[in-house]
Amino acid sequence: MLQDKQLYDSFKTPKVQFREKVPIKLEEIKAVAKALEHIPSKAYFVLLTESGLRPGELLNVIIENIDLKERIIWVNKETQTKRAYFSFFSRKTAEFLEKVYLPLRDEFVRVNINNIMKLAKANEDQGIDIEKWKKKLFPYRDDVLRNKIYEAMDKALGKRFELYALRRHFATYMQLKKVPPLAINILHGRVGPNEFRILKENYTVFTIEDLRKLYDEAGLVILE
């Protein structure tokens, strides 16, 4: 039963302390991605880098909210009350997700669904939502994903940086590539859908296609 519970829960583990917010280089990020052999962690790390999403936001994304053809990922699209926004990822990553990660993810869910059902039945007071777990883009424990990424950092760089630094890197990279600040704010979720419509009608001609074009021209691609 303990093994089942460990499968479902993301136990709180001691946080890695980072003394300085030192800028990270694109070459360092690519080196970490190359060193990552754990496929779920590799997919998580690459998507974090290319989308600019917060680590927690990406963990909460459901499978229905990622579009491989359009290379778009939605945050909180399934609710009307929460702030929703979107970002993009590269063609290389779309191919990796389709051919490598998603088949592995689907097999993981298939193999472990019975254990999750047993866990839910034995712990009814915890309100374990099996359907929600099945829909998650990353139905894995948070600490497992992070630890595999930190191990790859140790191997590739001999040092570690916080995952949130990837969000800062995204904004800095886009600025250096001359992406308009408003476009960066939209992709970073600082402009919600209602505000985005107002801006579109009154101040800018940005559409999703325009934003995707700006994103692609910036050329943020992690996988080689």
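Here is a friendly walk through a predicted model, told as questions and answers.

Visitor: What should I know about numbering and confidence before we start?
Guide: Residues are numbered from 1 along each chain as its sequence is written, and side-chain values use heavy atoms, with hydrogens and water left out. This is a predicted model, where local features need pLDDT of at least 70, side-chain atom pairs count only at pLDDT 80 or more, and totals for chains, interfaces and linings use all residues.

Visitor: How many helices and strands does the protein chain have?
Guide: Helices (H or I, at least four residues) and strands (E, at least two) are DSSP runs, numbered from the N terminus. From the N terminus on, the elements run α-α-α-α-β-β-β-α-α-α-α-α-α-α. The count for the protein chain is 11 helices and three strands.

Visitor: What percentage of the residues of the protein chain count as buried?
Guide: Buried means under 20% relative accessible area, exposed over 50%, and partly exposed in between (1.4 Å probe, protein chains only). Of the 224 residues of the protein chain, the part that counts as buried is 45%.

Visitor: What share of the contacts in the protein chain with a separation of 6 or more comes from residues 24 or more positions apart?
Guide: Contact means heavy atoms within 4.5 Å. Among contacts in the protein chain with a separation of 6 or more, residues 24 or more positions apart account for 69%.

Visitor: How are helix 2 and helix 3 oriented to each other?
Guide: Axes are lines fitted to C-alpha atoms, for helices over the stretch in contact, and angles run from 0 to 180 degrees between N-to-C directions. Helix 2 (residues 26-35) packs on helix 3 at about 160°, with the axes 9 Å apart. Angles under 35 degrees count as roughly parallel, over 145 as roughly antiparallel, 65 to 115 as roughly perpendicular and the rest as oblique. Helix 2 and helix 3 are therefore roughly antiparallel.

Visitor: Which residues of helix 3 meet helix 2?
Guide: On the helix 2 side, the residues are I29, V32, A33 and K34. Their partners in helix 3 are K42, F45, V46 and T49.

Visitor: How does helix 3 lie relative to helix 7?
Guide: The axes of helix 3 and helix 7 come within 9 Å and cross at roughly 85°. That makes the two helices roughly perpendicular. The contact is made by P40, S41, Y44 and F45 of helix 3, and on the helix 7 side by V144, L145, K148, I149 and M153. In a word, the arrangement of helix 3 and helix 7 is roughly perpendicular.

Visitor: Why is the pair of Y44 and F138 called edge-to-face?
Guide: Rings of Phe, Tyr and Trp (its six-membered ring) pair if their centres lie within 6.5 Å; planes under 30 degrees apart count as stacked, over 60 as edge-to-face and the rest as tilted. A search of the whole structure finds eight aromatic pairs. In the pair of Y44 and F138, the ring centres are 5.4 Å apart and the planes stand at 70°, so the pair is edge-to-face.

Visitor: Which parts does the pair of Y44 and F138 tie together?
Guide: Both Y44 and F138 are buried. The pair ties together parts 94 residues apart in sequence, because Y44 lies in helix 3 (residues 39-51) and F138 in the loop between helix 6 (130-135) and helix 7 (142-156).

Visitor: What kind of pair do F88 and Y215 make?
Guide: F88 is buried, and Y215 is buried too. Their ring centres are 5.7 Å apart and the planes are at 50°, so the pair is tilted.

Visitor: Which residues does S51 touch, not counting residues up to four places away in sequence?
Guide: S51 belongs to helix 3 and is buried, with a relative accessible area of 0%. Leaving out residues up to four places away in sequence, S51 touches I73, S87, F88, F170 and L187.

Visitor: Is K178 buried or exposed?
Guide: K178 lies in the loop between helix 8 (165-176) and helix 9 (181-187). K178 has a positive phi of about 65° although it is not a glycine. With a relative accessible area of 72%, K178 is exposed.
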